[in-house]
Amino acid sequence: MIKIDEGKYEVSTTREDAIEKFMQLQGDCRSEISGELPIEFTCFSNGEIMITHPIRQRHIENSNSTNLFAKVEEQDGKTYVTYYTAFDTANRVLKAIVLIVDILLTVAALALSVIAPDKKQYLILFVLALLFYAYRMFIGGKEKKNAPKDSEILIRELENRVQAVNLWDK
């Protein structure tokens with residue numbers, strides 16, 4: 001993981017109350033990150049927060065590698081949310097492995113079409129699948145370039161939730 005940004009927000013309530021309120025605010029966000037991927041705000045009972053592409057919608061070809069991780073903490077009698085955004089390079093490695101497997105399948109289909117000429121339609125299907133996946137990989141290659149912009153979107157979502165907690169009783 002490569003850290004992109006980090007920071008801290010003060011919350012005007014106790015740690016336990018903040019966690020409870022953040023848990024009530026969890027769910028899908030209105031904003032989207034690059035590639036028009038939705039993002040989701042999640043807060044756990046231990047005070048850990050994640051803003052990321054929803055796991056239930058995650059597939060290798062359309063997952064995003066930029067995520068926000070935060071923690072609700074108390075320091076010197078005050079409550080803070082400390083956060084960092086990170087770019088996960090392991091996700092890109094996994095996409096490359098899947099592409100290699102697709103290439104190997106295409107080579108196998110080519111070999112089969114040479115051995116059994118009446119099965120050329122399988123070759124066409126494999127080549128089309130490979131081309132589609134390669135196209136998705138090139139779009140995914142923009143992920144790292146878009147990481148700072150995605151990081152800003154994720155931080156803005158966290159800031160909106162912190163403001164909501166701070167204005168909860170007003």
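A disulfide is a pair of cysteine sulfur atoms within 2.5 Å.

**View 1. Cysteines in a structure with zero disulfides.** This is a predicted model, in which local features need pLDDT of at least 70, side-chain atom pairs count only at pLDDT 80 or more, and totals for chains, interfaces and linings use all residues. Residues are numbered from 1 along each chain as its sequence is written, and side-chain values use heavy atoms, with hydrogens and water left out. Cys29 has a relative accessible area of 13% and is buried. Cys43 is also buried, at 3% relative accessibility. Buried means under 20% relative accessible area, exposed means over 50%, and partly exposed lies in between (1.4 Å probe, protein chains only).

**View 2. The largest nonpolar core, with 24 residues.** A nonpolar core is a set of buried Ala, Val, Leu, Ile, Met, Phe, Trp, Tyr and Cys residues joined through side-chain atoms within 4.5 Å. The members that touch the most other members are Phe22, Phe41, Ile49, Leu68, Val81 and Leu158. At least two core residues come from each of β1 (2–11), α1 (15–24), β2 (27–33), β3 (37–43), β4 (48–52), β5 (66–75), β6 (78–87) and α4 (143–166). Helix α4 gives the most, with six residues. Helices (H or I, at least four residues) and strands (E, at least two) are DSSP runs, numbered from the N terminus.

**View 3. The surroundings of Val81.** Contact means heavy atoms within 4.5 Å. Leaving aside residues up to four places away in sequence, Val81 touches Gly7, Lys8, Tyr9, Val11, Phe22, Ile49, Ala70, Lys71, Val72, Leu158 and Val162. Among these, Phe22, Ile49 and Leu158 are named with Val81 as core residues that touch the most other members.

**View 4. A salt-bridge network around Lys21.** A salt bridge is a side-chain nitrogen of Lys or Arg within 4 Å of a carboxyl oxygen of Asp or Glu. Side chains of opposite charge can pair when their charged atoms come close. The structure holds three salt bridges. In one of them, Lys21 meets Asp17 (2.8 Å, N to O). Lys21 and Asp17 are four residues apart in helix α1, so about one helical turn separates them. Lys21 is buried, at 6% relative accessibility, and Asp17 is partly exposed, at 23%. Lys21 also meets Asp169 in a salt bridge (3.7 Å, N to O). This pair links distant parts of the chain, 148 residues apart: Lys21 is in helix α1 and Asp169 is in the segment after α4. Asp169 counts as exposed because its relative accessibility is 68%.

**View 5. The salt bridge between Arg161 and Glu157.** The side chains of Arg161 and Glu157 meet at 2.9 Å, N to O. Both residues lie in helix α4, four residues apart, so they are separated by about one helical turn. Arg161 is buried, at 11% relative accessibility. Glu157 is buried as well, at 5%. By contrast, salt bridges that share partners join Asp17, Lys21 and Asp169 into one network.

**View 6. A nonpolar patch on the surface.** Ile124, Val127, Leu128 and Leu131 form the patch, and together they have about 370 Å² of accessible area. Accessible areas come from the Shrake-Rupley method with a 1.4 Å probe; for residues, only the protein chains shown count as cover. Patches are made of residues with over 30% relative accessible area and no salt bridge; like charges are joined within 9 Å, and nonpolar side chains (Val, Leu, Ile, Met, Phe, Trp, Tyr) within 5 Å. Leu131 lies in helix α3 (residues 120–140). Leu131 is exposed, with a relative accessible area of 53%.
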